[in-house]
Amino acid sequence: MIRVVIIEDDLRIAQINRRFVEKIEGFEVVGIATDEQQAHEHLDILAPDLVLLDLYFPDMNGLDLLHYIQKNNPLTDVIIITAAKEFDTVREAIRGGVYDFMIKPVVFERFQEKLKSYQKYHQHMTLLGGANKQVDQEGIDQLLWGVNDSPDKDNYLPKGIDKITSEKIFSFILSGPEVLTAEELGKKAGFSRTTARRYLEYFVAKGELIADISYGTVGRPERIYKRTK
């Protein structure tokens, strides 16, 4: 069983998260902390495998607690569940070693997906750590990319790429003109130019599209994308 501590100042949300966790086989909630003192006590005494951590507390900063966990509980993993959307906050959390990051409100389907992903990671990490304390490149790749039933690079989704969104955008690409720009795709699919370009570059990396430069009629270079098939 993966032992979970929930650190959340809103007890109502903490109880919702507890019920979510207990609906997923292989997990158990061993404690709920609503303030800094309780959080430190639960971490020091229970030494959980996983912490579900909010970032906003009346008496502490969740990022400070994240750094505390990394220093004092290095074998404890962290998934952040918060309303915080500031880029600097998300970046610091990622640099602080969080396994994953969920924005409130969280529906059960997304919650379950994240915990199932962590469960595979935890099982694989335990297996590797219990062998001969050495790991080959394949083992490292699986830890970094995620452990799939049939692990390969095609199943890996980089951060910032959502499976449903990528499928939607690719359907627009297939039904649209053979050559298009990020701006054209964004307008057609209802996404920002930045989002459209991120997914276009993802499909280039997968070999589904080819990127090129067009100088247009006024000589201003513009990145264009062509289908490979």
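Two strands count as paired if DSSP finds at least two bridges between them. Keep that in mind while moving through this structure, which is a predicted model.

**Stop 1: the sheet**

Select the strands. Five of them form an open sheet in the order E2-E1-E3-E4-E5, with parallel pairing. At the edges are E2 and strand E5 (100-103), and each has a single partner strand, so one side of each is left without a neighbour in the sheet. From one strand to the next, the twist averages 20°.

**Stop 2: strand E1 and its partners**

Now select E1, residues 2-7. E1 pairs with E3 in the parallel sense over four bridges, and E1 pairs with E2, also in the parallel sense, over six bridges. Pick out Ile6: in E3, Leu52 stands opposite Ile6, and in E2 the residue opposite Ile6 is Ile32. Is E1 enclosed or open? Five of its six residues are buried, so E1 is largely enclosed by the rest of the structure.

In a regular strand, side chains alternate between the two faces of the sheet. With that in mind, look at the cores.

**Stop 3: the cores**

Select Val4, Val21, Phe27, Leu50, Leu52, Ile79 and Phe111. These have the most contacts inside the largest nonpolar core, which has 21 residues. At least two residues of this core come from each of strand E1, helix H1 (11-22), strand E2 (27-33), strand E3 (50-53), strand E4 (77-82) and helix H5 (108-129). The largest share, five residues, is supplied by H5.

Centre the view on Val21. Which residues does Val21 touch, leaving aside those up to four places away in sequence? They are Val4, Phe27, Val29, Leu52, Phe111 and Leu115.

Then select Val5, Ala33, Phe57 and Met60. They are among the 20 residues of a second, separate core.

**Stop 4: helices H3 and H4**

Select helix H3 (residues 62-72) and helix H4 (residues 87-95). They pack at an angle of about 10°, and their axes are 10 Å apart. Because angles under 35 degrees count as roughly parallel, H3 is roughly parallel to H4.

Show the side chains where the helices meet: Leu63, Leu66 and His67 on the H3 side, and Thr89, Glu92 and Ala93 on the H4 side. Of the residues in this contact, three are nonpolar, two polar and one charged.

**Stop 5**

Keep H3 selected and bring the strands back. H3 packs on the sheet, where it touches E1, E3 and E4. The direction of H3 makes about 170° with that of E3.

Terms used:
Residues are numbered from 1 along each chain as its sequence is written. This is a predicted model: local features need pLDDT of at least 70, side-chain atom pairs count only at pLDDT 80 or more; totals for chains, interfaces and linings use all residues. Side-chain values use heavy atoms; hydrogens and water are left out. A nonpolar core is a set of buried Ala, Val, Leu, Ile, Met, Phe, Trp, Tyr and Cys residues joined through side-chain atoms within 4.5 Å. Buried means under 20% relative accessible area, exposed over 50%, partly exposed in between (1.4 Å probe, protein chains only). Contact means heavy atoms within 4.5 Å. Axes are lines fitted to C-alpha atoms, for helices over the stretch in contact, and angles run from 0 to 180 degrees between N-to-C directions. Angles under 35 degrees count as roughly parallel, over 145 as roughly antiparallel, 65 to 115 as roughly perpendicular and the rest as oblique. Ala, Val, Leu, Ile, Met, Phe, Trp, Tyr, Cys and Pro count as nonpolar, Asp, Glu, Lys and Arg as charged, and the others, Gly among them, as polar.
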